[in-house]
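Here are my notes for you, as numbered points. Have the sequence and the model open while you read, and look up each residue as it comes.

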Protein chains: 2
Amino acid sequence: MALIVQKFGGTSVGSIERIEQVAEKVKKHREAGDDLVVVLSAMSGETNRLIDLAKQITDQPVPRELDVIVSTGEQVTIALLTMALIKRGVPAVSYTGNQVRILTDSSHNKARILQIDDQKIRADLKEGRVVVVAGFQGVDEHGSITTLGRGGSDTTGVALAAALKADECQIYTDVDGVYTTDPRVVPQARRLEKITFEEMLEMASLGSKVLQIRSVEFAGKYNVPLRVLHSFKEGPGTLITIDEEESMEQPIISGIAFNRDEAKLTIRGVPDTPGVAFKILGPISASNIEVDMIVQNVAHDNTTDFTFTVHRNEYESAKNVLENTAREIGAREVIGDTKIAKVSIVGVGMRSHAGVASRMFEALAKESINIQMISTSEIKVSVVIEEKYLELAVRALHTAFELDAPVRQGE
Amino acid sequence: MALIVQKFGGTSVGSIERIEQVAEKVKKHREAGDDLVVVLSAMSGETNRLIDLAKQITDQPVPRELDVIVSTGEQVTIALLTMALIKRGVPAVSYTGNQVRILTDSSHNKARILQIDDQKIRADLKEGRVVVVAGFQGVDEHGSITTLGRGGSDTTGVALAAALKADECQIYTDVDGVYTTDPRVVPQARRLEKITFEEMLEMASLGSKVLQIRSVEFAGKYNVPLRVLHSFKEGPGTLITIDEEESMEQPIISGIAFNRDEAKLTIRGVPDTPGVAFKILGPISASNIEVDMIVQNVAHDNTTDFTFTVHRNEYESAKNVLENTAREIGAREVIGDTKIAKVSIVGVGMRSHAGVASRMFEALAKESINIQMISTSEIKVSVVIEEKYLELAVRALHTAFELDAPVRQGE
């Protein structure tokens with residue numbers, strides 16, 4: 001008999017019918033003998049409706065009071081699901097974040113979980129009840145209601161699983177798992193049986209938005225096995241876990257991530273003196289613009305070129321800042337490009353395999369795709385290419401790294 | 001500087017515009033120097049919407065879970081009003097029933113308040129904050145959310161006023177006070193400046209539905225001065241308080257109450273033996289039918305007639321029960337009438353005035369209105385008459401007891 005935490009998101013509980021479906025699913029699992037803690041989001045659209053109400057009063061709602069309003073969304077769904085379970089003869093009880101209690105800091109609207117009291121939950125599980133907990137919310141030391149920010153229900157699920165030392169935290173969503181890449185780009189993309197926390201973090205931050213990054217970090221830190229599953233389809237989903245088996249059988253890379261939200265800026269003919277990188281990026285960061293990739297090549301003729309990427313929405317403001325900097329430090333010119341895309345191969349397997357990067361570059365060269373920037377980490381290689389080649393590049397890499405195969409080793 | 005508890009009902013906070021109006025009103029009072037605790041209901045219609053959601057899951061929602069859902073209604077309004085106050089530069093903070101904390105028993109959906117912790121509220125008042133509290137809800141000893149049942153927000157207001165020893169509990173509503181009778185029947189009906197708790201109880205239970213009976217009882221028990229005021233019109237309203245001045249100046253009666261929801265049943269020719277009243281009313285009460293007036297006259301020829309009134313909705317079932325009883329105890333017949341009305345004069349002044357009842361009967365006789373039943377208590381006299389004479393009777397009594405006068409003594 002295992003202890004499982006199951007988290008259902010807003011679309012999974014978006015109507016009475018769907019809540020009934022979730023109740024059926026939970027009932028089935030309960031009857032199979034597992035102890036269950038179910039974490040719920042608000043009905044889809046409800047959180048926005050509540051925020052809109054507050055916005056009608058003021059553009060800048062007091063964060064403490066906004067949390068009081070917004071937290072009612074999950075409070076409704078937990079009671080509805082509990083009723084639906086009891087109707088089916090499944091003993092169940094609901095708890096708000098305050099009732100559990102999920103203690104957070106006092107950063108309203110984006111609070112962090114500090115501690116979870118597992119006593120009530122354990123007592124209910126012992127009595128055979130399914131425990132239904134409101135996601136996304138907690139309470140601070142003063143008794144004020146807090147919320148964890150968007151997507152915080154995933155974090156609640158993982159934190160509860162960690163506190164209860166659950167065997168698995170299952171995140172039910174509208175996809176049936178994590179794929180080798182976006183199936184809309186590569187029809188042969190396959191669901192992964194398993195992926196490591198590190199890989200998942202690289203995949204998520206690079207655009208395969210299945211899970212909240214924060215919840216994956218949390219799961220990794222406390223080693224909570226995480227499983228992504230479809231809310232209403234059967235299937236094993238994808239298990240996200242620690243990297244236990246660094247063996248030769250392991251595939252070299254797990255997936256291809258990509259992102260077309262970025263733009264590239266280059267400052268050319270920068271005098272090659274110490275501290276120049278700070279002089280360039282300092283003003284950008286002071287303007288609250290986030291930088292992703294940064295590339296500086298070796299200097300020649302005592303000048304160097306410095307290139308970085310920012311979100312496309314911030315391209316114009318970043319360009320203005322950079323042009324000021326260019327005048328101050330006597331750089332030759334600033335050039336930029338918004339028609340770029342980033343493609344990354346991700347996999348812990350590349351740690352033990354030489355030549356992964358060159359195999360990537362070879363595959364792109366074969367398709368005559370020019371590489372504009374390269375950046376590497378221990379488990380990923382990212383390149384920036386012209387945007388129009390994005391799909392071609394992803395497909396070429398998917399094939400080159402043998403991800404198309406219908407069944408892969410270990411499955 | 002006084003400490004005032006102000007309660008606003010569902011229609012007073014029924015839209016964002018109205019919440020803004022309430023905020024203006026509270027701001028004005030705060031600026032006048034009073035310490036304020038504001039108790040709110042849910043936006044009108046919201047509680048029903050939430051109950052409907054639960055009813056879509058099951059006809060018989062688990063009471064504990066229904067309270068979890070329903071309590072979100074006030075949770076939204078308290079935060080909205082608090083935001084609206086802070087926007088106006090009025091420091092304020094919201095509390096749910098759990099946060100205050102308002103400890104109740106565990107009778108979900110109809111809980112009773114056991115105790116209120118006033119520490120947080122006192123600390124906030126000291127800091128100059130307006131404290132906005134969710135009406136209608138509390139928390140039981142296990143930390144489960146409870147609700148007090150319909151109209152419970154009035155009770156919350158009175159209970160808070162009692163716990164804080166407030167100078168006054170103001171109930172804002174859609175009428176500007178308690179009237180000598182229904183102005184739709186008697187255009188000369190006047191707003192009362194003052195009325196005693198006992199009179200208010202008689203008036204309320206007899207059909208002048210301004211306040212929850214329970215909250216008036218509560219206010220009387222703890223001697224909390226209660227004031228009924230209009231939410232959006234200026235005016236002193238009506239003060240409900242203890243009977244301090246039993247003087248000759250006091251008007252004899254305060255108001256005329258009436259009720260056309262009742263029906264009358266008579267069992268005739270009942271053998272006049274001890275215990276017959278129980279034999280007749282026992283089966284009625286066993287059928288969960290509430291009885292209001294009961295009249296039994298002296299017997300003659302060893303038989304008696306026994307008459308009582310019930311709600312019109314229960315007339316048919318009461319008649320069936322009574323006919324069974326008649327057969328069992330050998331009574332002659334059962335007759336009934338649904339076309340009746342009850343008219344009552346209410347006033348603590350009648351304690352010290354003889355002849356009040358006869359003045360009432362005289363006024364009715366002058367209009368040739370036949371009295372079918374009479375029932376008296378220390379501060380009221382009720383009669384049952386034919387329904388079609390109701391308005392005429394109320395107007396005649398209103399004039400006979402000098403309630404029409406534009407200004408009354410003491411005002």
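1. (Helices, H or I with at least four residues, and strands, E with at least two, are DSSP runs, numbered from the N terminus.) A:G10 counts as buried, at 18% relative accessibility. Buried here means under 20% relative accessible area, exposed means over 50%, and partly exposed is in between, with a 1.4 Å probe and protein chains only.

2. Before going on, some ground rules. This is a predicted model, where local features need pLDDT of at least 70 and side-chain atom pairs count only at pLDDT 80 or more, while totals for chains, interfaces and linings use all residues. Residues are numbered from 1 along each chain as its sequence is written, chains are lettered from A and ligands numbered from 1 in the order in which they are written, and side-chain values use heavy atoms, with hydrogens and water left out.

3. Back to A:G10. Not counting residues up to four places away in sequence, A:G10 touches A:S41, A:A42, A:M43 and A:S44; contact means heavy atoms within 4.5 Å. UniProt, in an unreviewed entry, includes A:G10 in a "binding site" feature along with A:K7, A:F8, A:G9, A:T173, A:D174, A:Y179, A:R184, A:K209 and A:V210. UniProt positions are given in the numbering used here, feature names are shortened, and annotations may be inferred rather than shown by experiment.

4. Is A:R184 buried or exposed? At 76% relative accessibility, A:R184 counts as exposed. You'll find A:R184 in the loop between β9 (168-173) and β10 (194-196) of chain A.

5. UniProt also lists A:T47 and A:E74 for "binding site", again from an unreviewed entry. They span 28 residues in sequence, yet no two of their C-alpha atoms are more than 8.8 Å apart, so they gather at one spot. A:T47 lies in helix α2 (residues 46-57) of chain A, and A:E74 lies in helix α4 of chain A. A:T47 is buried, with a relative accessible area of 14%, and A:E74 is buried at 2%.

6. What does A:E74 touch? Leaving out residues up to four places away in sequence, the contacts of A:E74 are A:L40, A:S41, A:A42, A:T47, A:A134, A:G135, A:F136 and A:Q137. Notice that A:T47, from the previous point, is among them.

7. Now look at where two chains come together. Two packed helices are described by the angle between their axes and the distance between the axes. The axes of α4 (residues 72-87) of chain A and α2 (residues 46-57) of chain B come within 9 Å and cross at roughly 30°. That makes α4(A) roughly parallel to α2(B). (Angles under 35 degrees count as roughly parallel, over 145 as roughly antiparallel, 65 to 115 as roughly perpendicular and the rest as oblique; axes are lines fitted to C-alpha atoms, for helices over the stretch in contact, and angles run from 0 to 180 degrees between N-to-C directions.) From α4(A), the residues A:V76, A:L80, A:M83, A:A84 and A:K87 meet B:L50, B:L53, B:A54 and B:I57 of α2(B).

8. Just after α6(A), A:G128 takes a positive phi of about 90°.

9. Over in chain B, check B:S153, which sits in helix α7 (residues 152-163). B:S153 counts as buried, at 5% relative accessibility. Setting aside neighbours within four places in sequence, B:S153 is in contact with B:K7, B:V39, B:L40, B:S41, B:G135 and B:F136.
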